[in-house]
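Hi,

Here is the structure I said I would pass on. Have a look at it first, and then read on for what turned up.

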Amino acid sequence: MREHAAIRSASGEVASGGTASGGAAPGDVTEAGLVLKATPPRLQRDQLSRPRLLLGDIRLRDVPAVFVQAPGGYGKTSLLAQWRRECLGAGSVVLWLTAGRGDDPRRLLRSLVAGFATAACRPGFGESLFAAPPPDPLEGLTEWLAEVARSALDTVLVLDEAEQLPAESFEAVTYLLRNLPPNLRVLIGTRGEMPDGLDDLVAYGQCAMIGATDLRFTLDETIALIRQRFGAEFDAGLAVRLHEHADGWPLGLQLVLSVMAGDREPRTAAEALLRETGQLRNRLVGMMLANLDPADLAFLTRLSVVDDFTPALAAAIAEAPDAAERLGRLAATTPVLVAVEQGDWSRLHALAREALRERFGRLGEDERVAAHIRAADWLEANGMGAAAARQALAAGRRDRAFELAERSLYDSLMAKGRVDDVRDWLRIIPDAESDARPRLLLAAAWSLAIGEHHEAAERLVARVLARDNTDDELRCECALVRAGAAVFADDPDRFAALHDPWATDPPLTDRWLRKIHANRSAFRALIDGEPAMARLRLQRAPAGDDGPGHDGSGHDESGEAGEEAAALYLTRWGEFINGLSYLWEGQVLLAERILRPALLRADADLGRRNRFSCMLAALLAAALWARGQPREAELALANRLDVLERSGLPEAVLLAFRTLARIAADESEARALDLLEGLHAVGEQRAMPRLKVVSLAEQVWLHARAYRAETCRDLLARIDALLAAEGAGRGPLWWKGISVYRDMAEGHAAVAARDWKAARAPFERANAAARRGKRQRLYIETLGFRALALHLGGEDGGELAREAVELARVYGLTRAFEAAHPLLGERIERIAARAGEAAPPPARPAKPAAPAPAETDLVARSSALTPKEREVLELLARNLSNKEIGLTMNIHEDTVKWHVKNLFAKLSAGNRKQVVSRARLMGILAPA
């Protein structure tokens, strides 16, 4: 496509020699050049349509001018071609022009005239302008705009490669944008920046900007693109890894897909691409760094020492006073830089950063150390101690690094949940150093507690408590640490024992510690089976925790901004518990409403594979699956399961595996069993019997769907043996949570054996436990099973069935019965109907029909038209013939022709359709 554009541009430049003389005879080389310039590129057949970038999107729908500005390889021309097809589908006339260096204002005007004549099929359009353009190009543009307005045709001008236009032609384009008639829209693609002097158009909504950030593929779009090319069954997790490899860069993704398409096994080719750092990586990096000025390459090489940077930080590291100008230019002309969501922070593309760091490693030692020290100085001065500590350590300044780490890692952990950062430092810093730094020791204890290293966390807490001068606040914080470890160890009774002594009036002064305590109090209510109380405790959390001023970027890690970041992170934990409480109740609609935006924010700020983001995804996936959206649920969990396996909250791990297994059960029973065995292995590895019990209970559910009675009995026996071996010494809260899974497994085993009488008791016990714990989804499911067991046992289960069906509708659980068992999904409605199912909810009163529009609603009372002409115009808009208009108005057909002729003259139209279009443009006739 780019080569084709270059040929068109070159043709135009060759032909431009004849433009200065004014007129040109038809058929000369200039005409051929203009034809090539007005020829649009071929649109790829399998190009993905991205709804958020369509002109019909609310952001672009009514904007007269749109700039698409990005470096090469971002698909600007493809997007413009897609817009062209969209506009043609809407009935617009579309002019396509590819700009060239020889397009001075005169030639640009000739291109516009020829382009409109071709696109509108009006060979005589603008003949005078083409033959003898005015001396002043702006005067010619004015006349061209007037001719387009008089045509009354919805017109779209697409101008690609606008960066090649000379400066005076850019001024002409600016003039055109400021004088657009209502029926003309302009779409411009450029590698350069938007022309100066258009800021007011942007501010007033008359011009929109689509930049590189918009053109990058989102994760969902990448998955859709790959599945469109290689089938709907392509592994979502592998697609996520490919997306991260290319960082959403359109050209990078296109090259990856090309390599995969050339292999008989696209999946195998994709795995090889992710493993090796060979030819494709070198090709992608070469495209990114190609044609970079050596000074710019050296500048970017020094910036590779940090992950994110602002112009000020870049200026400090590279000792470049012009860093802001350089970054702006590089962002506009290369794909190397990626804008971060908030503020003026940027980062290097992942592939480019890797290559540039290799170059940085080849610099002299003194130069490398100096760059790290400059970065550390700037980061420390701007309150980013954790990042400064890493730079100081890279420079070999260990003492300074340890001091910075002690001051900042504690706050960094609370602000961003950077567990791995703290653990890395714990491995680096000697025990003697960490013992002398209590805040670092506490940070390490927190990081180990909220993961899989519970015993190590206990040892660190013991070291903290062994110090002198431990007051109540420190002991309370240590209890919070140990209680967190108990939650992640799936020991609710130990959590309650550690939390309850400090449940009321905790001696905490730090606001983030009070926020943690409020979140823990809410979780305590939840495991007691009181989800509404959990939400109430979250609402009554200490006020002022979400102070203003934090932009969400998370770059500030200490001081006031760091405290606000901590509050933001802990508020996200509140959203997690809030969403879990609604999921617990079966309120999946409300759960999705909370969890979906929370996950989007967490992915943007913390990263998609951050542990907390993955736990939010597990909850959202469970809600989506319950609402009958399995594909969305699967995408939410793509490439996250391994993170949850290692360090996720047990409830999140359970929900993630259970959701994926239930999705797989509809397509591949073997895959579902594999996932459930994986859950069992996680329970074994992390010493969590509940996960193993849930794994076995879900396997019973899976086999019960196919009535494999013997297999179900064996699995139930394994559950009983497991509980006998590992349930000893467990407290009442643990048993309360685990017994319901055992009861459900027993009920499913009875269903598999078609022993409906034996199924009643376990489902009744599970139903009662669900009612006590306010777990509405489970309550509805077991209510349905009780009704089914009664019905198939020869008794009346109609009332139970009716109640179950109505509750499922109320809570939005569209798949509650079908997913529980195929027979239940098939029979429950009929059982409820036999019992005299309650009448459907009363229909909403019909919306009164809108009154027929009056004449003034359709035709304005313009003084330019007589009343009869306005009436004729309205009937013309309804596509009535002259005879039909005469019959409607009770006048002769010749009189109608006379009125129509007057309308032609007054509205400068040549046919009936143009009369209507002109009237609408002038505001005389209401829009269609």
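Before the pairs below, one definition: a salt bridge here is a side-chain nitrogen of Lys or Arg within 4 Å of a carboxyl oxygen of Asp or Glu. Keep in mind as well that this is a predicted model. Counted by that rule, there are 55 salt bridges.

Let me start with Asp 500 and Arg 524. They form a salt bridge, and their closest N and O atoms are 3.0 Å apart. Are the two partners buried or exposed? Asp 500 is partly exposed, at a relative accessible area of 37%, whereas Arg 524 has 13% and is buried, because buried means under 20%.

In helix H17 (residues 323-333), Arg 329 and Glu 325 sit four residues apart, about one turn of the helix. Their side chains meet in a salt bridge of 3.4 Å, N to O. Arg 329 is partly exposed with a relative accessible area of 32%, and Glu 325 also counts as partly exposed, at 47%. Both of them belong to a network of salt bridges that links Asp 296, Asp 322, Glu 325, Arg 326 and Arg 329.

The other pair is Asp 642 with Arg 646, whose closest N and O atoms are 3.6 Å apart in a salt bridge. These two are four residues apart in helix H34 (residues 641-647), so about one helical turn separates them. Asp 642 is partly exposed at 27% relative accessible area, and Arg 646 is partly exposed at 46%.

Now for some helix packing. How do helix H46 (residues 867-877) and helix H47 (residues 882-889) cross? Their axes come within 10 Å and cross at roughly 125 degrees, which means that H46 and H47 are oblique to each other. The crossing of H46 past H47 is right-handed. On the H46 side, the residues in contact are Lys 868, Glu 871, Val 872, Leu 875 and Leu 876, and they meet Ile 885, Thr 888 and Met 889 in H47. By type, the residues of this contact are five nonpolar, one polar and two charged.

Cheers

Note on methods: Residues numbered from 1 in each chain as written. Predicted model: local features only at pLDDT ≥ 70, side-chain atom pairs only at ≥ 80, totals over all residues. Heavy atoms only, no water. Axes fitted to C-alpha atoms, helices over the stretch in contact; angles between N-to-C directions. Parallel < 35°, antiparallel > 145°, perpendicular 65-115°, else oblique. Left-handed = near helix turned anticlockwise from the far one by under 90°. Contact = heavy atoms within 4.5 Å. Nonpolar A, V, L, I, M, F, W, Y, C, P; charged D, E, K, R; others polar. Buried < 20%, exposed > 50% of the residue type's maximum accessible area, 1.4 Å probe, protein only.
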